[in-house]
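Biologist: Hi! Could you walk me through the packing and the aromatic rings in this one?

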Amino acid sequence: MTEHAKYAESREVGEQAREKEWTRPSFAKQLFLGDYRLDLVYPVPTLSEEATRRGEEFVRAVRRYLDTYVDPALIERTAQVPDEVVKGLAALGAFGITIGVEYGGLGLPYLYYCRTLMLVGSYCPALATLLSAHQSIGVPQPLKLFGTEEQKREFLPRCAAGEISAFLLTEPDVGSDPARLSTTAVRDGDDYVLDGVKLWTTNGVVADLLVVMARTGKKISAFVVEADSPGITVKRRNGFMGLRGIENGVTEFSQVRVPARNLIGREGQGLKIALTTLNTGRLSLPATCAGNAKWALKIAREWGNERVQWGRKVGEHEAVATKIAFIAASAYALEALCELTSRLADDQRNDIRIEAALAKLYASEVSYQALDELVQIRGGRGYETAESLVARGERGVPAEQMLRDSRINRIFEGSSEIMRLMITREAVDAHLSAAGELINPEASRQERAQALRRAGGFYARWLPTLVAGTGNLPASYGDFGPLAAHLRFVERTSRKLARSTFYGMSRWQGRLEHKQSFLGRLVDIGAELFAMTAVCVKAEEDSRDLGRRPYELADTFCHQARRRVDALFDRLWDNSDAGDVRLAGYVLDGRYGFVEEGILDPSIEGPWIGTPQGGESIRRKIL
């Protein structure tokens, strides 16, 4: 198969799995179309008093448990969450936060699921990963969305009680390209027989239940699999630069028999199930990222007041003060982004597939930057481990660990690069529906002619709406007081973003899908606008109890975001993308091998892509 054919096959597989219908409104979708529908997110949906009371009580209970029984330094040192911690959290109901009470769970809203993960993530990111991998992408979420009643009654009570679940999609040679999936599930009577190898199975070493994606013929299906089934071997536990406490492994399936009743949904629905699950499952990452940023703010404030250099507190020096301001504004904005998206998920009136993806992308990038700035503010102490700091008599601030732990968030559940491409596909859906064949290089002349007529009608109606809007009216968004000007900027900029998308389609037509840097900048602009909206909405709400302080944080964040947006627009058309791609091609061809002279590579010899051979299963049961 040619390279072009392989690409076309991969794109087709992804397109078949994508949700194509928009039966509910989407704030972010309209934002990318230049239609700023603030009414879809403001006033923010509220929860019932009972749900709020139960949620607040649970978060307080988790806080008390963490403070009393969990030692994050021990988890970092031993690279393992103690069994008694897992059992203690299970007793609180932390493994069934969003599972319905009828299935033994707490049945709490996503807002409190996210607040719990924000709390846990600020204290012990590895523990937050254990809980989120179990609930966000493990067995509970796909069964809630696609499982039969029999499956729910069989498996959800077990998950809620603390039996750990894991999600198995990635393979040694399969990352974001599911067309290459090689694990197979062959029907044999009342069973399916699974064969294959799965990589990076978070929770896989200790899991009791697995969600496994496997190829059934030419399509991919999803199964619930008992982790102790004969033929399953956990080949090894993987080690990483951060999150040392996670139980992540390589899992091999050899003639593993799975009852046909454990098929989730229908044959061929596997990727759709995975992608739909992630629409809300991705909310866990923004929550932990917000927790990281809020922790970074606490440390930056305390250290900025404590450390004195050249006769002044370091926090008063402008070079450090600007970093503290960035951390503070970003922490508030990330919490706002997480809360808004989770409340939309609870409300269920909006389609949040783009919002959740934007929140994951934005929060993972910004929180990492905030932690990096914290390490810089702390100087040598930021680079030193907490254990070393304590050993020499100082407070054990784990800044370097938090930075290492957070790095995976830009890769987890879709790397930032893949997220930008996925968001772009959803954001330009209206354009592709109207003019898809017009920019499709493989379309026939007749198809192009039909597309031209459709596109003409669509753009005749749409383009005039991008000329002016409420952002041009000085009195618009008056409810937001001093933040109204920022929302007017967002409205005007959303129309500019939509026009830029149209210009890109006009300029590159079918080649647009390969202009990934251009598309990525469009998405980053949309993410900034979404974050600005979220922080303004939160500040307006918080100001009723906190006065002007939330406005001050939101105003600073919006000023910072506006500068980033301006820079992104400048780089849409004035950049070095073409030259960079050309140079990269030369690098891959070995043209600049002389640059690599004079070094030694410390890498250990071995194949670039491989699987462990032999050995006993290292799977262990939480006791």
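Biologist: Are F458 and Y459 buried or exposed?
Modeller: Both F458 and Y459 are buried in this predicted model.

Biologist: And which residues form one aromatic cluster with them?
Modeller: The cluster consists of F458, Y459, W462, F502 and Y503.

Biologist: Nice. How many aromatic pairs are there by this rule?
Modeller: The count comes to 17 aromatic pairs. One of them joins F27 and F530, with 5.8 Å centre to centre and 40 degrees between the planes, and that pair is tilted.

Biologist: Where do F27 and F530 lie?
Modeller: F27 is in helix α2 (residues 27-32) and F530 is in helix α21 (residues 516-546), so their pair ties together parts that are 503 residues apart in sequence.

Biologist: Why does F27 count as buried?
Modeller: Because its relative accessibility is 0%, and buried means under 20%. F530 counts as buried too, at 0% relative accessibility.

Biologist: Okay, new topic: the nonpolar core. How many residues has the largest one?
Modeller: The largest nonpolar core has 143 residues, and L358 is among those with the most contacts inside it. Leaving aside neighbours within four places in sequence, L358 is in contact with A28, F32, I423, V523, A527 and F530. Another core of 25 residues lies apart from the largest one, and includes L156, V174, L181 and L209.

Technical notes: Residues numbered from 1 in each chain as written. Predicted model: local features only at pLDDT ≥ 70, side-chain atom pairs only at ≥ 80, totals over all residues. Heavy atoms only, no water. Core = buried A, V, L, I, M, F, W, Y, C linked by side-chain atoms within 4.5 Å. Buried < 20%, exposed > 50% of the residue type's maximum accessible area, 1.4 Å probe, protein only. Contact = heavy atoms within 4.5 Å. Phe/Tyr/Trp six-rings, centres within 6.5 Å; stacked < 30°, edge-to-face > 60°. Helix = DSSP H or I, 4+ residues; strand = E, 2+ residues; numbered from the N terminus.
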